[in-house]
Amino acid sequence: MEELIVKLKEILGPDKVLTSLEDRIAYSYDGTFAQNLPDVAVLPESTDEVAVVVQIAAEHRVPVVPRGMASGLAGASIPFSGGIALSLTRMNRILELDEGNRTVRVEAGIVTADLQAYVEERGLFYPPDPSSNRQSTIGGNIACNAGGPRCLKYGVTGDYVLGLTVVLADGRVLETGGKAIKNVVGYDLTSLFVGSEGTLGVITEALLKLIAKPQFVRTARAEFPSLDDASRTVNAILSAGIVPATLELMDETAIECIEEAMHLGLPLDVEAMLIIETDGSDEEAVVREIEAVARICRENGARAVEVAQSEEERAELWRARRSVSPSLARRAPNKLGEDITVPLSAIPEAVRRIKEISARYGLPIVIFGHAGDGNLHPNILFDKRDPEQWARVESMVGEIFDVALELEGTLSGEHGVGTLKRPYMEEALGPVSLDVQRRIKQALDPLNILNPGKVLP
Amino acid sequence: MTNNDIRKDEYLHCIRCGLCLSTCPTYQLTLKETDSPRARVALLRAMREGLLERPTDYTAAQYFRCLLCGACTFICPSGVTVDRLLELTRREMAELGLMPHPLVALNERVVEHHNISGEPNENRLMWAENLPEPPSGIGRERAEVVYFVGCVSALFPRSYRVAQSFVEVLERGGVDYALLGEQEWCCGYPMAINGGLDQARETIRHNVEAVRARGARLVVTTCPSCFYFWKHTYPVALGEELGFEVVHSTEFLADLLEAGRLPLRPDLPEQVVTYHDPCDLGRKGGVFDAPRRILAAIPGVTLVEMEENQEGSHCCGGGGNLESFDPEMSRAIAARRVRQAAGTGARVVVSACQQCERTLFNAARTERIRVRVKDITEIVLDALESRDQ
Ligand SMILES: Cc1cc2nc3c(=O)[nH]c(=O)nc-3n(C[C@H](O)[C@H](O)[C@H](O)COP(=O)(O)OP(=O)(O)OC[C@H]3O[C@@H](n4cnc5c(N)ncnc54)[C@H](O)[C@@H]3O)c2cc1C
Ligand code: SF4
Ligand code: SF4
């Protein structure tokens, strides 16, 4: 290791190679409560520098763990086997905006919200909107195929990736894809890296597809005295042929926590709230849709439906939605957030069963999420310092996954597998898929130095 | 800043979501996790949990490389009062003997000379010497209002103008005020954030007595840090009510203007300005409206806001004594803020803090950014009818 560090410092300069305990602690965690120290944190500033780091790591058989802003919720960027924490945050430039073809080429470390602000100023739109868009990078979003509220209508991160620059496990640089929308020359290597969680290569640049910015938006908030009614309403809206831009569900504890954090005057006497947004370039159609949505909500038991009257009200509602997950920390020192998806018709059943698990184990589970695409985030609240509680949490997680699989859903809609869900992979994928995936990993990273111990069991 | 009521295990409430990275000026500058609030809290936790057993100078440096600007606290969705936690950790570092040398020296100067510059405290009124007439507040034994000038405006010639403009406005408004002169001691804030709240208690007691002796009902400060410390820490540190009110000069001036006590010139020029919220005044002290009311009351002034304003304001780079510890980082942060200001199209950046004014001014000059930097008291003074009219 020492020799490797000396080499890295020689080539990159000491400022980009951090070895103090303090620096290693700073690069030891992500958005979960897990943690492990890397031997060294490296902050490259170009694809060439990344390639050099990976080459040297390969020579020394040392693990390389790519890292964006470490907002991940699966432990995927934690260097559990030590080695190099490779931070992409300084590679945050916008390389080329092609307004005519509506594409943008960026470095992987750019913060998603920064990219969004940049293109929106120019009338363009990058739709994928993980709630963590201010604290996650495009590289991390691609590596986890991040989704968000808008993905119901606009699709997930992977739908916007046209091409990638990837440093492979031996230090070679691979270019995939291009500006052409249709491209069937060879295998679709771009897709291979989408969702690969840093185990197949280090993404250093991405060519992204943009769309024209929808000109009109309406956002409504519907209050439901009954959680069951709220979850039924989700499918009722979609079955009516409306595709809202977003359709978000929050249960009562989620509402209480946000209200405590933000004082927005949200109702504290309902079991659930839906946030629904319609958008498009035809104002009348957008308004008509939100009115139809409001009607369906009322028919299905909503006590009140309010449409945001100004951009500020709307921004506030979204700020509220984005802070649900972190604001839960007000209730208990730890939370374990799951990310299951189920078919739309199964949402009410899934919600019922999860609440039942919560009651049976005596620990609160908060439910919120992108209900419109069946993606729920049940969060278990607990205190990890109490080993007995932790034991309960572990069984609860297993049961939540069972619920998802029994209802023909899956373990993770967007947060990814990392280490936390690895034990459940076999059950979720089956032996054939797992075997194929193992061979892919073997082909691309025969030395197993790229983010070892992640994803595949 | 009631440091004492913070919960011991508050660091556990940091769930490492990373949102604070998006507002932290030090992280935004270096894009290195170690310079982020999340890492600073993680280090504290590592010390508590034994992962980092023996803190070193480098550990301590992480806490002194922070502006204590509170942007992290404001944005943290899980309610961690990060800046207070970091301030407390500074104190812990000081107890371990790990305070950086320039800050030790600063504390010693304050204890010995009762001011941050280390010169004789009699010099506290030198700024008044080249005024056309000596301020009426000098030597006054009883007064309704005490103007607490603060070390920087009193002792750093570059910032004399703030004190000079403010007393000039007080005179024009016919305010019955007193200056404490050499009986004014450093408010104690710099010591407290360098880990020496206990050392600061003597100075706090002294200042409060000096104001009480004048029978004042109000203390007004031009310095936001003095304001914040007087208002929020003094009563807690002494464990008693002060018996008088504490306001910032912007609140005082806004009231004077709105009450019509300051006659304005009829021929005021049009000017486009932007306003920089000082951290201690705005986000930490809760004063956002008063300076904006002042600007609105002056004909011809158009205010354009920067994107990061009010609670979301971006520190000028001068917070947390960073300037003494890492001047280069402080300068770079100031440059970022001045660029934001210039980006609004305004030709003037107005602040309400002598420290902000100084850091922003220097940055504008070294970066050759074409905006003028002014303290709000100067703007008010410029708008008043001249004395002889
Ligand atoms: C409050 C909060 C809300 C969230 N909301 C959502 C949400 O709505 N939707 C959602 O999908 N996720 C959400 N997440 C999870 C997380 O933000 C996403 O997974 C995000 O994509 C991670 O990006 P990052 O830059 O932080 O990556 P990191 O956490 O640093 O890394 C995540 C994974 O990506 C890999 N990686 C990172 N950069 C690269 C690269 N350049 N090349 C190769 N591999 C790389 C890492 O090795 C790791 O495996 C949320 C997280 C938080 C804390
Ligand atoms: S915003 Fe709060 S909870 Fe999130 S990382 Fe920062 S301090 Fe921790
Ligand atoms: S107080 Fe300011 S500089 Fe310090 S960690 Fe928080 S945001 Fe960063």
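Which elements of chain B each supply at least two residues of the shell around ligand 3?

Modeller: They are α2 (37–49) and α4 (71–75) of chain B; helices here are DSSP runs of H or I with at least four residues, strands are runs of E with at least two, and both are numbered from the N terminus. The model is predicted, so local features need pLDDT of at least 70 and side-chain atom pairs count only at pLDDT 80 or more, while totals for chains, interfaces and linings use all residues. Residues are numbered from 1 along each chain as its sequence is written, chains are lettered from A and ligands numbered from 1 in the order in which they are written, and side-chain values use heavy atoms, without hydrogens or water.

The shell around ligand 3 is made up of B:C24, B:P25, B:P37, B:R40, B:C66, B:L67, B:L68, B:C69, B:G70, B:A71, B:C72 and B:L86, where a residue is near a molecule if one of its heavy atoms lies within 4 Å of it. By class there are 10 nonpolar residues, one polar and one charged; Ala, Val, Leu, Ile, Met, Phe, Trp, Tyr, Cys and Pro count as nonpolar, Asp, Glu, Lys and Arg as charged, and the others, Gly among them, as polar.

Ligand 2 also has residues of chain B around it, including B:C14, B:C17, B:C20, B:R38 and B:C76. The ligand 2 shell divides into seven nonpolar, two polar and two charged residues.

Chain B also has an open sheet of four strands in the order β2-β1-β3-β4, with parallel pairing; strands pair if DSSP finds at least two bridges between them. At the edges stand β2 (177–179) and β4 (245–248) of chain B, each with a single partner strand, so one side of each has no neighbour in the sheet. From one strand to the next the twist averages 30 degrees, with axes fitted as lines to C-alpha atoms and angles running from 0 to 180 degrees between N-to-C directions. Strand β3 (residues 218–221) of chain B runs parallel to β4(B), and four bridges join the two. B:V220 has B:V247 of β4(B) as its bridge partner.

Ligand 1 is surrounded by residues from chains A and B, so this site is shared between chains. A backbone N or O atom of A:G68 lies 2.7 Å from an oxygen atom of ligand 1, and a polar backbone atom of A:M69 is 3.1 Å from an oxygen atom of the ligand. A:N451 places a polar side-chain atom 3.4 Å from an oxygen atom of ligand 1. On its own, ligand 1 has 970 Å² of accessible area (Shrake-Rupley method, 1.4 Å probe), and the protein covers 98% of that.

Four bridges join β3(A) to the parallel strand β4 (residues 84–87) of chain A, and A:R67 stands opposite A:S87 in β4(A).

Note on methods: Polar contact = N/O pair within 3.5 Å; in protein donor to acceptor, adjacent residues only side chain to side chain.
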